[in-house]
Amino acid sequence: MTKLKRVILASSSPRRIELLKQFGIEFEIIPSNVDESIDQSLSVEENVMQLAKKKAQEVFNKLGEDSKQSLVIAADTVVYIEGLILGKPSNEDEAFWMLRKINGKWHSVYTGVCIIDGEWERILAEYEKTNVYIKHMTDEEILRYISTKEPFDKAGAYAIQGFGSLIVERIEGCFYNVVGLPLYRLNIMLQKLGYDLMKGEL
Ligand SMILES: Cc1cn([C@H]2C[C@H](O)[C@@H](COP(=O)(O)OP(=O)(O)OP(=O)(O)O)O2)c(=O)[nH]c1=O
């Protein structure tokens, strides 16, 4: 297999960037600029895979000639509860509403991952699901959590890796999926394309 000229993470998420960095591979960061609005008429699985595809495709299309020797990775994370898909809250009221919605209950976090391999002209899109139980909080506790400012750029208005760790009672499934990049799933997908993070092959 010829060495890829460019490996691109199509994301502005500091969490995704940090998670991918730990494997010692060289990659560039090119955030996408797509409309991330959720289509409540589609299933949650379709939503996250379609959004991840849109992000990857947009960045891939900008690469021009280089695209043939490039691999682009993109992801999209949402929270799913009682038939509703929650993205990132746009203000304090929305964060409060989302946190009340997931308060004292199980919900599911879905991340869609898309990989475009220009060399083989292949597009792979899959998703991972993790169940998360949030402890019961009083309104005062919810407001205190919001005052950390952590909820604003996070799907479902919390971050399991930050202050949010103090409200997540238990999880079932991949932790990294909740943070925004399901590493196990990502490597399974890369292996399907002939790469492997364990071997440093990318
Ligand atoms: C539930 C949860 C989400 N998140 C984050 C991961 C994602 O960054 C964000 C969901 O928004 P996304 O739209 O998936 O990603 P993004 O807009 O931050 O970045 P980009 O589209 O450029 O890749 O929520 C956490 O960091 N911790 C959590 O516990």
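pLDDT is the predictor's confidence in each residue, on a scale from 0 to 100.

**Figure 1. Overview of the predicted model and its confidence scores.** The structure shown here is a predicted model. Across the protein chain the pLDDT averages 96, and 99% of the residues score at least 70. For the complex, the predictor reports an ipTM of 0.96 together with a pTM of 0.96.

**Figure 2. Close-up of the shell around the ligand.** The ligand is surrounded by 26 residues, of which the closest are S11, S12, S13, I160 and G180. Helix 1 (14–21), strand 3 (70–81) and helix 5 (175–179) are the elements that each give two or more residues to this shell. Strand 3 gives the most, with four residues. Sorted by class, the shell around the ligand holds 10 nonpolar, eight polar and eight charged residues.

**Figure 3. Close-up of D76, a position annotated in UniProt.** An unreviewed UniProt entry lists D76 under "active site". This residue is found in strand 3. Is D76 buried or exposed? D76 counts as buried because 29 C-beta neighbours lie inside 10 Å, and the cut-off for a buried residue is 20 or more. When neighbours within four places in sequence are left aside, D76 is in contact with V48, L51, A52, K55, T111 and G112.

Figure 4. G112 is found in strand 5, which covers residues 106–117. It counts as buried because it has 27 C-beta neighbours inside 10 Å. Leaving aside its neighbours within four places in sequence, G112 is in contact with V48, M49, L51, A52, A75, D76, A125 and Y127. G112 and K53 are 59 residues apart in sequence, and their C-alpha atoms are 8.4 Å apart in space.

**Figure 5. Close-up of the largest nonpolar core.** In soluble globular proteins, nonpolar side chains tend to be buried together. The largest nonpolar core of this model contains 52 residues. Which of these residues touch the most other members? They are A52, A56, V72, A74 and C114. A52 is in contact with A74, A75, D76, G112, V113, C114 and A125, once neighbours within four places in sequence are left aside.

Figure 6. V59 lies in helix 2, which spans residues 44–61. V59 is buried because 26 other C-beta atoms are found within 10 Å. Not counting residues up to four places away in sequence, V59 touches I8, A10, I30, S32, V72 and A74. V59 and Q40 are 19 residues apart along the chain, and a distance of 25 Å separates their C-alpha atoms.

**Figure 7. Close-up of two residues with a positive phi.** E82 is not a glycine, yet it has a positive phi of about 45 degrees. This residue lies in the loop between strand 3 and strand 4 (84–86). E82 counts as exposed because it has 8 C-beta neighbours inside 10 Å, and the cut-off for an exposed residue is 12 or fewer. A157 is likewise not a glycine and has a positive phi of about 70 degrees. A157 lies in the loop between helix 4 (139–146) and strand 7 (168–172). With 28 C-beta neighbours inside 10 Å, A157 counts as buried.

Key:
Residues numbered from 1 in each chain as written. Predicted model: local features only at pLDDT ≥ 70, side-chain atom pairs only at ≥ 80, totals over all residues. Core = buried A, V, L, I, M, F, W, Y, C linked by C-beta atoms within 7 Å. Contact = placed C-beta atoms within 7 Å. Near = placed C-beta within 6 Å. Nonpolar A, V, L, I, M, F, W, Y, C, P; charged D, E, K, R; others polar. UniProt positions renumbered as here; feature names shortened; annotations may be inferred.
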